[in-house]
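Please keep the sequence and the coordinates at hand while reading.

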Amino acid sequence: MKVSYFPGCTLKNKAKDLDIYAYKSADVLGVTLEEIENWQCCGGVFTTANDEVATKLSSVRALKYASDKNQPLVSVCSACHNVLKQTNYAMQTNTQFADKVNRYMAEDGAYNGETEVYHYLEMLRDLVTFDTLKEKVVNVLKGKKIAAYYGCLLLRPNTVMKMDDPENPTIMEDFIRALGADAVVYAKRNECCGGYISAQSPETAKKNSQAIIENAKAAGAEMIITACPLCKYNLVKSGADIPVVYFTELLAEALGVKEDTNE
Amino acid sequence: MNNRYLQKEILRISGADVSKCMRCGKCSGTCPAYDEMEYHPHQFANMVESGDIEPLLNSQSLYKCLSCFACIDRCPRGVEPAKIVEAVRLLATRKQGANHMTANDVPAIVDEDTPQQLLVSAFRKYTK
């Protein structure tokens, strides 16, 4: 299976492990990630303003690229996925916005939201299937107590993202179980770490992140996994005393294409 | 002050329907930035409905919203408070010289682990 792949700015720099192990794991699972040529940064956060057009064009171009190749568009970073999916939804549902955008698309051709947008986790669940993933696991992570941290961007707004139940999600827990580990369920797994507020008020991010880590630890977590570089940064900077790793690192370890993830 | 022009602009930019609000306060109750805010999500909805826009435009609360969309998802009436905050913030930052952050702020923010995503997101939210 071939899919169009949008890595995003951070995955080529500070979050290389998110990217590298996404590729290595996809190989094992029979998925070819075809990186979009000349992709541009998604902007990190989706602007909900109806009259913001230019800030959404890089996403539309990525979506159009996948549509031309007749492939689903996959990303690993929660933020990129959120921006791409919300932009796609706006192109499908807001004709006035889509009309304005398409005035900028003369060279690429008009786009109206045809592309299927998947987060890598959704790709594992819906295209690869967790049953197939389970069969490919060579290092069963038995006995490891792992907490999934969803954060905000994978789940909300749910009318658009539709990944899972936004208040009681299971996709990451099912992923952890498919790798043979124990999924630790805790209340704050879909509460905000503070996000970009650490550029203005690091104390706020620290307070939010510490509450999440304490909640996960109280439920028995020995490790936290995330799909978002900024969540990982905020959790680690808040003084996490258990490992916080990308879900792709854990995946690659279970599939036998990475050394132990505890470091 | 009842500013109908700014009210209309905010409703146009956000697409939100403030008249649906039933004052339950769930948006503010679930807001992770509640403690930092002078005006809370439910107040944004209510003040925009009554046209009391100037205090919001001049409040630091505009820069406390984390865009986590919790208020949008958890509102039982579909009011979408975060979209209202975003529209008011854009009215503020679209003015010349009103950026809330500049490139000069970057050295003090970054350390060796800072993800690019942090700076990109912050600039998108705090500047125009």
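Is Pro115(B) buried or exposed? In this predicted model, Pro115(B) has 26 other C-beta atoms within 10 Å, and the cut-off for a buried residue is 20 or more, so Pro115(B) is buried.

**Pro115(B) and its surroundings**

- Pro115(B) sits in the loop between helix 7 (106-109) and helix 8 (116-126) of chain B.
- Once neighbours within four places in sequence are left aside, the contacts of Pro115(B) are Thr10(A), Lys14(A), Ala15(A), Pro229(A), Leu230(A) and Tyr233(A).
- Thr102(B) is 13 residues from Pro115(B) in sequence, and their C-alpha atoms are 18 Å apart in space.

**Contact between the chains**

- Chain B puts 33 residues into the contact, and chain A puts in 36 residues.
- On the side of chain B that touches chain A, helix 1 (4-14), helix 5 (70-74), helix 6 (81-93) and helix 8 of chain B supply at least two residues each.
- Helix 8 of chain B gives the most to that side, with 9 residues.
- Sorted by class, the side of chain B that touches chain A holds 19 nonpolar, 7 polar and 7 charged residues.

**Chain B overall**

- Chain B is built with 8 helices and 0 strands, and its elements from the N terminus on read α-α-α-α-α-α-α-α.
- A compact globule of 128 residues would have a radius of gyration near 14 Å, and the 15 Å of chain B agrees with this.
- Taken along the principal axes, the C-alpha atoms of chain B fill a box of roughly 45 × 30 × 25 Å.
- In chain B, 48% of the 128 residues count as buried.
- Of the contacts in chain B between residues at least 6 apart in sequence, 72% join residues at least 24 apart.

**Chain A overall**

- Chain A has 11 helices and 8 strands.
- The globule rule gives 18 Å for 263 residues, and the radius of gyration of chain A is 18 Å, so chain A is as compact as a globular protein of that length.
- The C-alpha trace of chain A spans about 55 × 45 × 30 Å along its principal axes.
- Buried residues make up 56% of the 263 residues of chain A.
- Among contacts in chain A with a separation of 6 or more, 72% are between residues 24 or more positions apart.

**The sheet of chain A**

- An open sheet of 4 strands in chain A has the order 6-5-7-8, with parallel pairing.
- Strand 6 and strand 8 (244-246) of chain A are at the edges with a single partner strand each, so one side of each has no neighbour in the sheet.
- From one strand to the next, the twist averages 40°.
- Strand 5 and strand 6 of chain A run parallel and are joined by 3 bridges; Ala147(A) has Val184(A) in strand 6 as its bridge partner.

**Helix 8 of chain A**

- This helix covers residues 171-178 and is largely enclosed by the rest of the structure, because 6 of its 8 residues are buried.
- The buried residues are Ile171(A), Met172(A), Glu173(A), Phe175(A), Ile176(A) and Ala178(A).
- They pack against helix 5 (120-128), helix 6 (130-136), strand 5 (145-148), strand 6 (182-184) and helix 11 (247-254) of chain A.
- Helix 8 of chain A lies across strand 5 and strand 6 of chain A, at about 155° to strand 5.
- Gly180(A), just after the helix, takes a positive phi of about 95°.

**Helix 10 of chain A**

- Helix 10 (residues 229-237) of chain A has 7 of its 9 residues buried, so the rest of the structure largely encloses it.
- Just after helix 10 of chain A, Gly239(A) has a positive phi of about 100°.

Technical notes:
Residues numbered from 1 in each chain as written. Chains lettered and ligands numbered in written order. Predicted model: local features only at pLDDT ≥ 70, side-chain atom pairs only at ≥ 80, totals over all residues. Buried ≥ 20, exposed ≤ 12 C-beta atoms within 10 Å, placed from the backbone. Contact = placed C-beta atoms within 7 Å. Rg over C-alpha atoms; globule rule 2.2 N^0.38 Å. Pairing = 2+ DSSP bridges. Axes fitted to C-alpha atoms, helices over the stretch in contact; angles between N-to-C directions. Nonpolar A, V, L, I, M, F, W, Y, C, P; charged D, E, K, R; others polar.
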